[in-house]
Amino acid sequence: MSHEMTQLKAKLAELSDWNAINSLLGWDQSSVMPVGGGEGRGRQMALMSKLTHEKMTDPEIGHLLEKLQKQAEQWDPDSIDSAIVRVTAKDYADATRVPTEFVGKMTEHINTSYMAWAQARPANDFKKVVPFLEKTVEMSRQYAGFFPQGAHVMDSLIDMHDSGMNVATLRPLFKSLREGLIPMVDAISKKQQIDDSCLAGPFPIDQQLTYARTIAEQVGYDFNRGRLDTAPHPFEIRLHHGDIRITTRARENDLGDCIFSVIHECGHAMYEQGVAFELEGTPLANGTSSGVHESQSRLWENQIGRSRTFWQHNYPSLQAAFPTQLKDVSLETFYRAINKVQRSLIRTDADEVTYNLHVIIRFELELGLLEGSLNVRDLAEVWHDKYTSDLGITPKDDKDGVLQDVHWYAGIVGGSFQGYTIGNVMSAQIFEAAQQKDASITPAIAQGNYQPLLGWLQKNLYSTGRRYDAPTTLKRVTGQDLSVEPYFRYLKAKYSELYGI
Ligand code: ZN
């Protein structure tokens, strides 16, 4: 290894520790920190991110990269060192592109915008956030302009989360999804609706958490390198190869919320637990994109956790955990309840069939806002119209309409919604490929043994971390480019049987 590579790796290892310290402050803030800690923590985190940004943009890293990019011309382009130089160069360039002054103004604006939203949402007062959101849209355009330009203003914002994807590749994908999903939702709505009252309990919180933990162990989340806590919003966070944590929440009157949040976050966490140890301390020791990350949470949550096969094996233990509540509920009744489809207003509560329609609406609105073809002051009305035409349900107010997601009020507009849908689409594609390429996976799942699937995913997907961008990763894992076909095959098979459509 060259002297420069040794020096770069030492700097990157230190940087990954800085990032871990930031993450630990964030984990604490989002899970166990008392309310009174908020003000001090805000200051501490601002200080830490400033110091980390200085480390990331250290000119010495720039000098090392210049030399290493020349050396790398002689290296195997598929080697880990080549990938480290390539990914670090991109991260370094990105970190140095945005002027410090702009970052300061942006942070200040986002803070006031978030505070306005926190008041406006309960008051159902969209007008209050209009001036803030107008400024956010303007600043999002400026922000996008600091990065290499694609054909569309949103391309650089998408690339930040889903490297290798852009508006031109996503538009046709979302169009065919929309065209396939709307008739499916229509057909389901005309059928006998599923009764999911068996999930309303009440189910004691402690027992739910105990049961969810056994499910997490069973699917393969490694508790020697992780832990499960409660938090208002479930999340997964990576501190180090040996410390990848998840959180969940539980509600007494909703059995599915806790179990499926845990399986979802396990999917994210098992992805990161599976990254090859040799990548530790480098920027490659992460998931490669939002979409690929979400594909793994969705694969485990939906393709596995909401399947009949999964519950054929696990329902007896669930009934044993909640004997009074579930003794008279059949497996079939439970299976149907956890897969109920309904037109609803809130994205985060949506089922598998309607979920992507919520995302596609947001994606289209973001395009309009950034292109300038949609004015912020018309946004609430257009939101209503789109929900009426695409989801067949009209929001009664803006609280459960345009004000429901925090994203546009606490960050830039553009780049953060498409990953959810890319993830859903990829999840079916990757699961189908796994089952086709390793015949031992499907029969093992029926026995409650998820190790062959997890092993296959670790070997073919998780281990490579950020070595390849999202399209390359998908191609290596499945042999195919991103396609909606496996996803539609999956939805059609499952929901035609459930609803007789
Ligand atoms: Zn997720």
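# Briefing: helix packing, a zinc site and selected residues

Ala446 is placed in helix α18, which covers residues 441-446; helices here are DSSP runs of H or I with at least four residues, strands are runs of E with at least two, and both are numbered from the N terminus. The structure is a predicted model, in which local features need pLDDT of at least 70 and side-chain atom pairs count only at pLDDT 80 or more, while totals for chains, interfaces and linings use all residues. Residues are numbered from 1 along each chain as its sequence is written, and side-chain values use heavy atoms, with hydrogens and water left out.

- Not counting residues up to four places away in sequence, Ala446 touches Thr309 and His313, where contact means heavy atoms within 4.5 Å.
- From C-alpha to C-alpha, Ala446 and Leu181 are 29 Å apart in space, and they are 265 residues apart in sequence.

**Zinc site**

- His264 and His268, each through NE2, and Glu294, through OE, coordinate the zinc ion at 2.1 to 2.4 Å.
- Donors are N, O and S atoms within 2.8 Å of the metal (3.2 Å for Na, K and Ca), and sites may look incomplete because water is not among the atoms.
- Along the chain, the donors of the zinc ion follow the spacing H-x3-H-x25-E.
- The pair of His268 in helix α10 and Glu294 in helix α11 (residues 290-304) links distant parts of the chain, 26 residues apart.
- His268 and Glu294 are both buried.

**Packing of α10 with α12**

- Helix α10 (residues 255-273) packs with helix α12 (residues 308-321) at an angle of about 125°, and their axes are 15 Å apart. That angle makes α10 oblique to α12.
- Axes are lines fitted to C-alpha atoms, for helices over the stretch in contact, and angles run from 0 to 180 degrees between N-to-C directions. Angles under 35 degrees count as roughly parallel, over 145 as roughly antiparallel, 65 to 115 as roughly perpendicular, and the rest as oblique.
- The α10 and α12 crossing is right-handed; a crossing is left-handed if the near helix is turned anticlockwise from the far one by less than a right angle, and right-handed if clockwise.
- Leu255, Ile259, Phe260 and Ile263 of α10 make this contact with Phe310, Trp311 and Leu318 of α12.
- The contact of α10 with α12 has seven nonpolar residues, no polar and no charged ones. Ala, Val, Leu, Ile, Met, Phe, Trp, Tyr, Cys and Pro count as nonpolar, Asp, Glu, Lys and Arg as charged, and the others, Gly among them, as polar.

**Tyr211 and its surroundings**

- Tyr211 is found in helix α9 (residues 205-219), and its 6% relative accessibility means that it counts as buried.
- Leaving aside neighbours within four places in sequence, Tyr211 is in contact with Ile259, Trp311, Asn314, Ser317, Leu318 and Ala321. Ile259, Trp311 and Leu318 also take part in the contact of α10 with α12.
- The C-alpha atoms of Tyr211 and Cys258 are separated by 9.5 Å, although these residues are 47 residues apart along the chain.

**Helix α4 and its partners**

- Helix α1 (residues 3-30) packs with helix α4 (residues 80-97) at about 60°, with axes 12 Å apart, and α1 and α4 are therefore oblique to each other.
- The crossing of α1 and α4 is left-handed.
- In α1, Met5, Leu8, Lys9 and Leu12 meet Asp81, Ile84, Val85 and Thr88 of α4; the residues of this contact divide into five nonpolar, one polar and two charged.
- Helix α3 (residues 59-72) packs with α4 at about 140°, with axes 10 Å apart; α3 and α4 are therefore oblique to each other, and their crossing is left-handed.
- Pro59, Ile61, Gly62, Leu65, Leu68 and Gln69 of α3 meet Val85, Thr88, Ala89 and Tyr92 of α4, a contact with seven nonpolar, three polar and no charged residues.

- The peptide bond from Gly201 to Pro202 is cis, with omega near 15°, and Pro202 is placed in the loop between α8 (167-189) and α9.
- Asn124 is not a glycine, yet has a positive phi of about 55°.
- Asn124 occupies the loop between α5 (100-123) and α6 (126-145) and, at 33% relative accessibility, counts as partly exposed.
- Val103 is placed in helix α5 and is partly exposed, with a relative accessible area of 37%.
- Val103 and Tyr143 are 40 residues apart along the chain, and their C-alpha atoms are separated by 9.2 Å.

How values were computed:
Buried means under 20% relative accessible area, exposed over 50%, partly exposed in between (1.4 Å probe, protein chains only).
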